[in-house]
Each structure stands twice: as structure tokens, then as C-alpha cells.
Amino acid sequence: MVQQDSRRKKDLGAYYTHKALSDLICAWAIQTPRSTVLEPSFGGCGFLRSARDRLTSFDANVSLSQLYGCDIDPQAFSHLSTVFEQLVDLDRFHEGDFLDQSFPSSWPSAFDTVVGNPPYLPYRKLQVARREAVINQLQNSGLELDRRASLWAYFVALGVLYTAKSGRNAWVLPSSFLYANYSTSLRLFLSANFERCCAFELKERQFLLEGTEEKSIVLLCENKATPKDTHQTHDIPLVQCDGVKDVELAIQEWAQRKTIHSAYCGTSVYDSLSKGPKEVIRQLEREACLFSLGDFLSIRIGLVTGNNRFFLLGDEERKTANLAVDELDRVLPRFHFATGLSFEPSDHEGLLKGGGKGFLVSVQDEDRVSEAMSKYLSQYASSDIEACSTFKKRSIWSYTNDASVPDAFFPVMQHHGPRLVLNDSGMNCTNSVHRAYFNGKLSKTEQKLLSLSLLSTFSQVSAEVCGRSYGSGALKHEPREAEKIHVLMPHLHQNTVSSAFCRVDRLLRDGNLAEARQFVDQLILGALNIDDVHTSAALLESGLSQLKTHRHR
């Protein structure tokens, strides 16, 4: 039952806010006992409870008729009478999707306060027609919202439209508010519609029990006004806090119009660097040999099987199922099996011997397989095949390998920073690894130099800036984020590159990452017109250390 409830919440994108945080937010957002309040996705009623408490703190006998809510989950309505300790007028609480905006005619056209924790669902789960209608509506209001925006972004944007003049918005949002490409236009839209906005990042993870390790962002927007030109607005200031108590103090200082921020939402990682590393970075970014990874390659996700437990096998599992090696495809199942700068057939043999699941079941024609394979596939129930959305995207449910073998591998997530591993094995990989495809006719020497350059401290700093902190402080890159990473590609003789590649490959395989990066720094920076390579490398190393500390905070 607990697992079913957890799955239902995940399907709805529901992560309920802790009382201390919702109390704090409502205390700021609701300014008078007459304030009308809208919670567009009230779920467990945490924000409605905090809003009630805030209103009754003004006057114990205050009417609660100015509280309104919306939710798509029928079970959310079972909490209402318990929270308010009385029968509730359901005309003020609408069962339906906020994006539909099919509210009762008795509702106000705008509210003094819009507050809440919107659902976190990816754009792929949004109904296309509904999404397009809202995008057009927002476009008419001056916001060009990317179609890949997650559901929470639509809630925040629509919340602006339902806020009365001089009103306030307050939200608990995922950390993608800071870094997602689609968040940039949303933040400018907010800044253009409110006199002041501020975001507060919580180091303390708020939704660990709900199964997500993302940091939370508290967003406060004050005094809804006539929209300004978004080209004249600035990004939203960001204050980094340890926990709810720190947020409370920070909000008090912000309310007193004290300057308490040292960063902005879109550049918060870079803003955490000290002056010295920033100066070196600016100097290197003026070099003629500066490029982005995307100038040389495109990155795509790896193979999505729909059920890795079934389709990925280790050697012992293969033998147990009596499947022949030549019936299976060899794949790189996880990035940590690629320990050097290249991945070779011998590396794959090593991962199999170490118990890795390096065999992929991929069957294009079930009528032309061995009896053992037919028996193995038959274990998958027809009802489960029909229910799997991933299988529906394939013409043949069991045909998992798209035969698009990458030129190189790039990690989805890493604790020690990304590497570009050249694929000398001719194998594919699962979606726990990104696939890299070189553009044009990049020579083997240029491929090796690119792989080396990504290891430089300069590029590792850029990777920290382009990526995001994700669960337990890991650094994660989506494909487009990875392509933005800066690399330096000075002219070096092919023998120099080849020799360096072999040496660094050995160092990495022996676990000497720091030594490998130092060697690459001397190689890359030494080929540039830099007065003091040692000092520049030391400052970059300091900057990388600062960013890793920031990532793990």
C-alpha cells in the first residue's frame, strides 16, 4: 500500500512541503486578514493549513472564505475538512488540472496571494493540446516558454496571470529553476511582472523521504506591477541557505531591503568562484583556440531498454539462461567500467569477469532465434509488454539496440567530473551513459586532443558551471548542457598528442586522476601564450575546488 501511494504521488509529480517551510512562506506571502489566497495544486493541504494559520494569526475569528485551491487528485479533497476542522465549501476548491483553468464562475479573476509547491512532471507527460493552449496564452502575455519545460514552470507562469495588482507569489521549486534552459525566460518574466523577486536555495534536501535528492528553491515575488520589458530586467538574486531557519533569517533581511545575495539564479555556480580563478578563466576564454564540445560532437542518450534487469545480463546470468554469446550484443552498461580515455574489447572482457552486466538482449525477429532465447523472451508477460510505454515506441518490443554505435562515451553523472572516452570497442551503451558522435571529419589526433582537453582543469571548471548538482553531490549533464562545456584546442603535433593520450590513459586506469589532470594542464596551457603556466594552473585548481565544495554543499 505504501509503495502504491508512493508510485501514485510520483505519477502526479507530488512532493509535499514540510510544515515549517510552508508556515514560513505563508507568513511572508499573506499580508492581511483580508488576503485572497490561491493554492493551484494543494495535494496534502500543507500550504492551505499554513495559510489558514496565517489568517487566524491576524484574527482568530477571521473568515476562511478567501482560501481557494485546485488539484487534479481526487484523494486531495479528503484532507480538506480535516485541515479546516469544518465542512468546506467545495465551490472554492476545484477538482481539475490548473492548466485547464476551468474554475467556477464564483472565483475571483485574480488573487492577492498565489502560493504552493507545484507538481514536478517532465514535459513528456503533459498532454500536447493542453500544453499548446497554455503556451499560446503565455505568449500573449509576453512569455516564450520552451515546450520542453516541466509542469512546475507552467504553474508558476500561470500563477503570475492570476495574481492581483500589488499581490505576491511564493513557491517551493526544484533546483532546475536555477539551471534549466527553459527557466531563463521564466525568471525574466517574473522579474518583469513583480517589483522584487528573490530565490533562496536550501542545502538541506526537503524531499528525501519522497524519493528525490534535488535541492529546493524558495521563490518569493513581491508587488505585482505593470509588466516591464524583459530585455530591461535582470536575473533573480539568489541566497544560499543551509536550512529553514537560515531561510527565515534571510527573508527577514530581504524584507528589510538589505543586500544579502552574492549570486544570481542563472549564474550561481560561476558566481561562487573567487576573483583569481575568474580572471584566469576570462583570459583563457579570449584564446582563439577556445571552443565548446558541441562544436565537435553531438551528444545523445544511450539505449533505453525499458527494463534493464531483463535485457542486461552478466556472464553468469547468460550461462544460466543457456544463451550463446553470439546471440547477444555487447554493451557498456555503466560509465565507471570505462576507466581510461578509451574503451576497448579487453575492457569489456574485464567488466564481464568482474560481474558487470555487459550483454544486451536485442531480438529483431523472434521466429529466428534459438530455443533458449525464445524461452527467455517468453518469461515476459504479454500484459506487461502491452503496459510498457518504452516498448510501444519500438516496432519490435524486444529489439533494444538501435545500432547507432557512438564514437565516444560521456558520463550522465560523475562525482569527479566528466571524461570523453573514445569508443574503440564498436559497442553501444545503455542510457546510464551518454553517446557522443563526432561532427564532420575529425581526425583521430583531434579526437584524442579533445578527450585530453576535457580533462584539463579549465574544462572541468566549465563542466561544473554547465552541469548541475544532483543527489549526493554528483555532477549531472543533460546532452545539451554537456555540449556547452568549453575546451581549449591548441595546435599540437600528432606525436605529442598520441604520446600524451597514452600516458594519461595509463594514469587514469591506475587511479591517478589528479596527476593526469596536472599533466594535461601543462600540455594545454603550455601551448598557449600564457606568462605563468604554473600560477594559472594553481588558480584554476583552486577554482575547481571551490566549485566542488559548492556542488556538495
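**Side-chain contacts in the predicted model: a colleague's note**

1. Let's begin with the cysteines: the count here comes to 0 disulfides, a disulfide being a pair of cysteine sulfur atoms within 2.5 Å. Cys289 is in no disulfide, and its nearest cysteine sulfur, on Cys466, is 17 Å away. Cys429 is likewise in no disulfide, with the nearest cysteine sulfur, on Cys388, 19 Å away. Cys289 is buried at 11% relative accessible area, and Cys429 is buried at 0%. Here buried means under 20% relative accessible area, exposed over 50%, and partly exposed in between, with a 1.4 Å probe and protein chains only.

2. A word on the basis of these values. This is a predicted model, in which local features need pLDDT of at least 70 and side-chain atom pairs count only at pLDDT 80 or more, while totals for chains, interfaces and linings use all residues. Residues are numbered from 1 along each chain as its sequence is written, and side-chain values use heavy atoms, leaving out hydrogens and water.

3. Now for the rings. The whole structure holds 25 aromatic pairs; rings of Phe, Tyr and Trp (its six-membered ring) pair if their centres lie within 6.5 Å, and planes under 30 degrees apart count as stacked, over 60 as edge-to-face and the rest as tilted. Phe291 and Phe296 make an edge-to-face pair, 5.1 Å centre to centre with 65° between the planes. Phe291 is partly exposed at 31% relative accessibility, whereas Phe296 is buried at 13%.

4. Another pair worth a look is Phe343 with Phe409, edge-to-face at 6.0 Å centre to centre and 85° between the planes. This pair links distant parts of the chain, with Phe343 in strand β14 (residues 342-343) and Phe409 in strand β16 (residues 408-411), 66 residues apart. Both phenylalanines, Phe343 and Phe409, are buried. Helices (H or I, at least four residues) and strands (E, at least two) are DSSP runs, numbered from the N terminus.

5. Helix α6 (residues 151-161) is mostly covered, with 10 of its 11 residues buried. Among those buried residues of α6 are Trp152, Tyr154 and Phe155.

6. Two arginines are placed over rings. The charged end of Arg168 sits over the ring of Trp28, 4.3 Å from its centre, and that of Arg394 sits over the ring of Phe311, 5.9 Å from its centre. The rule asks for NZ of Lys or CZ of Arg within 6 Å of the ring centre and within 35 degrees of the ring normal.

7. Salt bridges number 28, each a side-chain nitrogen of Lys or Arg within 4 Å of a carboxyl oxygen of Asp or Glu. Asp315 and Lys319 meet in one of them at 3.6 Å, N to O. They lie 4 residues apart in helix α13 (residues 315-320), so about one helical turn separates them. Asp315 is partly exposed at 22%, as is Lys319 at 47%.

8. Finally, salt bridges that share partners join Asp97, Asp100 and Arg130 into one network. Within it, the side chains of Asp100 and Arg130 meet at 2.8 Å, N to O. This pair links distant parts of the chain: Asp100 is in the loop between β3 (93-95) and β4 (111-116), and Arg130 is in helix α5 (residues 128-140), 30 residues apart. Asp100 is partly exposed at 39%, and Arg130 is partly exposed at 21%.
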